[in-house]
Amino acid sequence: MLATVATMAAATVQAKTPATVQDKPVNCDNCKEWNAPVKPFNVFGNTWYVGTAGLSAVLVTSPQGHILLDGALPQSAPLIIANIKALGFRIEDVKYILNSHAHWDHAGGIAALQRASGATVMASAAAAPVLQSGTNGKDDPQYQADPVVHVAKVSKVSLVGEGDTVKVGPLTLTAHMTPGHTPGGTTWTWTSCEGQRCLDVVYADSLNPYSSGDFTYTGKGGTPDISASFEASIAKVATLPCDIIIPVHPGTTDVLGKAAKRSGSDNPLIDANACRAYAAEAGGLLAKRLAKERGVALPAEAKGAAHAH
């Protein structure tokens, strides 16, 4: 039985949105492109895309309150709030903010969004300290000692583990631990319905084997060997009930392009093979990376190259 780690009554009083909803921005090569605004849209049923052009943020709604997944960059927070408002919802009605992984491009806006909503932030045990400190830990594949990127600290984080659920009214979102890209990586699943038709939605954490410096996934150079756990995470995502996938970087599965092609009852975002395809691509990238680290011949099916974040 899945453990229910969080419930919230509809009568919970939320804080008013403060005048300042953005913390110090992060500057990076891709930040401007990632943070380009996009018009929010319905994914299916009560699931809405409220993120930016290159960084996903998803709102799952109910009359009793809403759940927001991820906060993108610090400079993304005002855009996410504006998108929520444009859809006719209120940031003050967000009861929980869930995190996929604690890198600054997915968690940088969470502190501001928490202040604006009064929501409870939920993350894995490995991700919570990163959110609370505002920077990556030394066990992160993308840890950099110089320069260190700091974002606003999240004041309080509640923990979730494998199979735990977060509930608001009729909403139930389930956490699946998928470490590899980061130690605290978490994929989230839920069901959204339109009339009598209900579909399984997967908010897929990154499975990209990208790292900084001399980090290795096979444990060379003093780092732990996390190759098996990373492979297990990829296998887990492949087997999740999955009718719609929304990766943390929407371009990975062309979420925005597919949404733009919808017409009538035709919704290209609905694809029962999407999670398997996402996992297969990640598996090929990881196999190529592990082969290189081990000094063995590359598998013929492992194509492509891992990219940042």
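Ile 226 touches Gly 180, Phe 215 and Tyr 217, when residues up to four places away in sequence are not counted; a contact here means heavy atoms within 4.5 Å. The model is a predicted one, in which local features need pLDDT of at least 70 and side-chain atom pairs count only at pLDDT 80 or more, while totals for chains, interfaces and linings use all residues. Residues are numbered from 1 along each chain as its sequence is written, and side-chain values use heavy atoms, with hydrogens and water left out.

Ile 226 has its place in the loop between β12 and α6. Helices (H or I, at least four residues) and strands (E, at least two) are DSSP runs, numbered from the N terminus. With a relative accessible area of 22%, Ile 226 is partly exposed. The scale calls a residue buried under 20% relative accessible area, exposed over 50% and partly exposed in between, using a 1.4 Å probe and protein chains only. The C-alpha atom of Ile 226 is separated by 9.2 Å from that of Pro 183, 43 residues apart along the chain.

The loop between β12 (197-204) and α6 (227-239) also holds Ser 211. This serine is buried, its relative accessible area being 13%. Pro 141, Gln 142, Tyr 217 and Arg 289 are touched by Ser 211, again without counting residues up to four places away in sequence. With Arg 289, Ser 211 makes a side-chain to side-chain polar contact of 2.8 Å. A polar contact is a pair of N or O atoms within 3.5 Å; within protein, one must be able to donate a hydrogen and the other to accept it, and residues adjacent in sequence count only if both atoms are side-chain atoms.

Thr 189 is buried, with a relative accessible area of 12%. Among the residues that Thr 189 touches are Thr 172, Val 201 and Leu 240. His 176 is joined to Thr 189 by a polar contact of 2.8 Å between their side chains. The C-alpha atoms of Thr 189 and Pro 241 are 8.5 Å apart, although 52 residues separate them along the chain.

Asp 70 has a phi near 70°, a positive value in a residue other than glycine, and at 0% relative accessibility Asp 70 counts as buried. Ala 72 lies in the loop between β5 and α2 as well. Its phi is near 55°, and at 1% relative accessibility Ala 72 is likewise buried.

Helix α2 (residues 77-86) packs against helix α4 (residues 110-117) at an angle of about 45°, with the axes 9 Å apart. That angle makes α2 oblique to α4. At the contact, Ala 77, Ile 80 and Ile 81 in α2 meet Ala 112, Leu 113 and Ala 116 in α4.

Finally, the protein chain as a whole has eight helices and 13 strands. Of its 309 residues, 53% count as buried. Among contacts between residues at least 6 apart in sequence, 69% join residues at least 24 apart.

Notes
Axes are lines fitted to C-alpha atoms, for helices over the stretch in contact, and angles run from 0 to 180 degrees between N-to-C directions. Angles under 35 degrees count as roughly parallel, over 145 as roughly antiparallel, 65 to 115 as roughly perpendicular and the rest as oblique.
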